[in-house]
Structure formats: structure tokens, C-alpha cells
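Here are some notes for you to read beside the model, written as numbered points. Please keep the sequence and the structure open as you go through them.

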Amino acid sequence: MNTAIMKASIKKELWEFNGMLKWIPITLAGVFIFIPILAVVLNGINMQDVLHELSQIAQELERLTQMQQTERLGEIFYVSAIALFSPFIAIGFIVQVYYFVTCLFDERRDQSVMFWRSLPVSDEMTIASKLVTGAVVIPVIFFSAATFLMLLMLVLAVVTCVILSVGFDISLWGMLASANIFSGVGYIWLTLLPMAIWLLPLYSWLMLASIYANKAPFLWAVLPIVALLVIETIVVHYLNISQPFFGHFLMDYFSLTPDNLAGMAGEQEKSRSLALELLIAQIDYRTILVSAGLLFATYWFRVNKQES
């Protein structure tokens, strides 16, 4: 695979969706930054209440330091980081779905596919670049926005801790070391690639709907699944089959509660790696077979579908 062509193809995808991929993360980060500021401007600020809250926080940190329970700071930071990343991951997933549903449909609708196919870029490379862009590059953009926002909040937290350390027995650098900041953020970033592989069948299905549909690609992505589930439910009910195959397959594959990891919790490192291990545990032969079949069908339609 020519890496130069792949990079150029990914840049082309980013250029086509530049507005969405730039302004949605910026807007989301701006919401987290400006809503607290707006609340302060509209409601005013009671310095007495602020000092009281800061004093309580400092007392709790001092208590943890004296009782040598600073490992709890790592748990608190990791939970806070997950809470901060979650909106970016959720909104990023919606953007991914929109991208995959439209990436092959739009270029056929506006006839730009004729121009792109005249370039020395194979159909395999085109599909691969769109898959990498949607499955990896878009999450990287939203993860980066969340990381930038978290670093900004950490700077404010450090400034606050410096102020609090004047009047309380708090070891600032000891606290920061105990929080395991880089370790916690690293574990979150490590989930990016397993999540992309785990959701590969979904992304492949959306690309197939995008290349096949002449109109309303989102409906083509949703309605066949809904129809199949309804038909299977009726068949299972009237034939007294123990359980539906397709519905059970979807529930089992997209459910992040495998029995072999259900009881894993407690230790800090294990709790941090739980999400990563859950995602890895869900990746199996079904991921490869379903994704390969759907991507091949997408490639076949890309090559053989006649453009009107």
C-alpha cells in the first residue's frame, strides 16, 4: 500500500469534511469552557462560598496526604478524566456515523466520483482511506480536543493547589505524582484502536449502505436491520424457537459485559485497564468475517455500480 497516496487520500477526506471536523470539537470544548464563565457572569460570584468550598477541598486533600491514601487521587482523576472524555467520545461517534453514511453517497450524488476515479487512486485505496479516516482519524480529533481541555483544567487545578498549599499541609508535587495523570490519560487513549476494531463491522455496514443507496442512505442503513429483527421475532414466536439468532448475535457482540470480566474491579490498575480489556475481549472471528464480507461488498459496488 502506497503510504503517500494513503496520506493524500486522508487529507482529501479531511478537506471535504473540514468544517464539521474542526468546528464540532471546538464548539464542544467551548461549551465546557464558557458555560461556567457565563454562569458566573449571570449569577455573580460569592467569594465567601468559593473560599469555603476551596477550604473543604484543601482539608480533604490534607487528610488524604496525612493518611497516606494518595492513591485515591489517581482514582478520582481517572473517573474525572472519563467523565470529561465521554461527551467527546459520544459526539465523535455521532460524527463518525454521519461520515460513514455519507462518505460514499455524497460523491455519487454530486458526481464528483467521476473526477476522483480519474485520478491514479485505486478503489481499494479509496475505501481504505475512508475507513481509516472514519474509524481512527475522527476519534483522534475528538480525543485531542478532550485532552487539550483536560490540560487546560489541570493548569487551573495546579494554580488552585499552589494557592491552597500556602495555608494547608499539602505536597503539591506528591499529589500530582499520586494522581498518575499520564497513566490515566494513556489508558483512555489506548482504547481508541481496540474500539475502532470492535466497531469495524458497524462501520463497514454503514459504508455499504452509503455506496448502495441512491437516496436516504441512513434509512438504508437502519431499515434492513429493523426489518430483519422484526421478521425474526415473528418467526421465533410462531415457530417456538428458543431464541433469535440475529438479535442474539447483535446483543452479544455489542454488549460490553462479557462474563469472564464481569467481576474484575478493585485494584487501581485493573480498574483503569477494565475498559481496554473489555474492548479487546469483544474482538474475535466475528469481527474479521463480518467486516471482511461487508467491505468486499462495498468494494464490489464501488467497482460495478453504474453511476447515473
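**Notes on selected residues and ring pairs**

1. Ala-216 counts as partly exposed, because its relative accessibility is 37%, where buried means under 20% relative accessible area, exposed means over 50%, and partly exposed lies in between (1.4 Å probe, protein chains only). Ala-216 sits in the loop between helix H11 (200-212) and helix H12 (217-239); helices (H or I, at least four residues) and strands (E, at least two) are DSSP runs, numbered from the N terminus. The phi of Ala-216 is near 45°, a positive value in a residue other than glycine. Most residues other than glycine have a negative phi.

2. A word on the source: this is a predicted model, in which local features need pLDDT of at least 70 and side-chain atom pairs count only at pLDDT 80 or more, while totals for chains, interfaces and linings use all residues. Residues are numbered from 1 along each chain as its sequence is written, and side-chain values use heavy atoms, with hydrogens and water left out.

3. How many aromatic pairs does the structure hold? There are 12 aromatic pairs, where rings of Phe, Tyr and Trp (its six-membered ring) pair if their centres lie within 6.5 Å, and planes under 30 degrees apart count as stacked, over 60 as edge-to-face and the rest as tilted. One of them joins Phe-32 and Phe-88, which are stacked at 5.8 Å centre to centre with 20° between the planes. This pair links distant parts of the chain, since Phe-32 belongs to helix H2 (residues 18-43) and Phe-88 to helix H4 (residues 71-102), 56 residues apart. Phe-32 is partly exposed, at a relative accessible area of 33%, whereas Phe-88 is buried, at 1% relative accessibility.

4. The pair of Phe-85 and Phe-143 is edge-to-face, because the ring centres are 5.7 Å apart and the planes lie at 70°. This pair too links distant parts of the chain, with Phe-85 in helix H4 and Phe-143 in helix H7 (residues 123-167), 58 residues apart. Phe-85 is buried, with a relative accessible area of 1%, and Phe-143 is buried as well, with 4%.

5. Please look also at Phe-17, Tyr-99, Phe-100 and Tyr-203, which ring pairs link into a cluster.

6. Thr-287, in helix H15 (residues 285-304), counts as buried because its relative accessibility is 0%. Leaving aside its neighbours within four places in sequence, Thr-287 is in contact (heavy atoms within 4.5 Å) with Ile-197, Pro-201, Tyr-253 and Gln-282.
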